[in-house]
Amino acid sequence: MILYKKTILPIIIVSITCSMNNTIACLINSQGQVLYSLSCGHLKYRGSKKGSQIASQLVVSHLGKRALGLGYINCSVIIKGIGKGRNLIVKELIKVGLVVVKVIDKTSVAFNGCRIKKVKN
């Protein structure tokens with residue numbers, strides 16, 4: 001009888017904040033420690049180019065390659081914000097070679113908003 005040792009592959013959390021002006025991404029391990037952080041400014045994008053889809057794609061691909069280099073295969077993705085590149089984040093992580101286990105959307109939604117100013121006559 002052969003006994004196989006069951007190996008548990010660790011899951012890394014990829015936390016991505018997409019704003020209209022920038023994309024910030026972090027690699028977080030299961031203990032909650034930030035292993036690596038990256039933004040569009042690190043990749044020499046300046047001004048309005050930081051808010052583009054191409055810049056956010058490059059940020060996510062660099063982050064995915066870094067996660068593979070650290071030895072992680074499975075990842076859970078947390079997306080926050082309403083930036084331009086948020087639609088392509090999961091596709092880019094899969095293209096790099098990571099297995100996406102779970103996708104969580106933490107975008108805050110305003111339910112009522114602020115009170116409108118009184119009209120002056």
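Predicted model: local features only at pLDDT ≥ 70, side-chain atom pairs only at ≥ 80, totals over all residues.

Helices (H or I, at least four residues) and strands (E, at least two) are DSSP runs numbered from the N terminus.

Leaving aside residues up to four places away in sequence, Val-14 touches Cys-26, Leu-27, Leu-63, Cys-75, Ser-76, Val-77, Ile-78 and Leu-93, where contact means heavy atoms within 4.5 Å.

## Overall fold

The protein chain has 2 helices and 5 strands, arranged along the sequence as β-β-β-α-β-α-β. Its radius of gyration is 18 Å, well over the 14 Å that the globule rule gives for 121 residues, so the chain is more spread out than a compact globule; the radius is taken over C-alpha atoms, and the rule is 2.2 Å times the number of residues to the power 0.38. Along its principal axes the C-alpha trace spans about 90 × 35 × 25 Å.

## Burial

Of the 121 residues, 32% count as buried, meaning under 20% relative accessible area with a 1.4 Å probe, protein chains only.

## Basis of the values

Residues are numbered from 1 along each chain as its sequence is written, and side-chain values use heavy atoms, with hydrogens and water left out. Local features need pLDDT of at least 70 and side-chain atom pairs count only at pLDDT 80 or more, whereas totals for chains, interfaces and linings use all residues.

Technical notes. Buried < 20%, exposed > 50% of the residue type's maximum accessible area, 1.4 Å probe, protein only.
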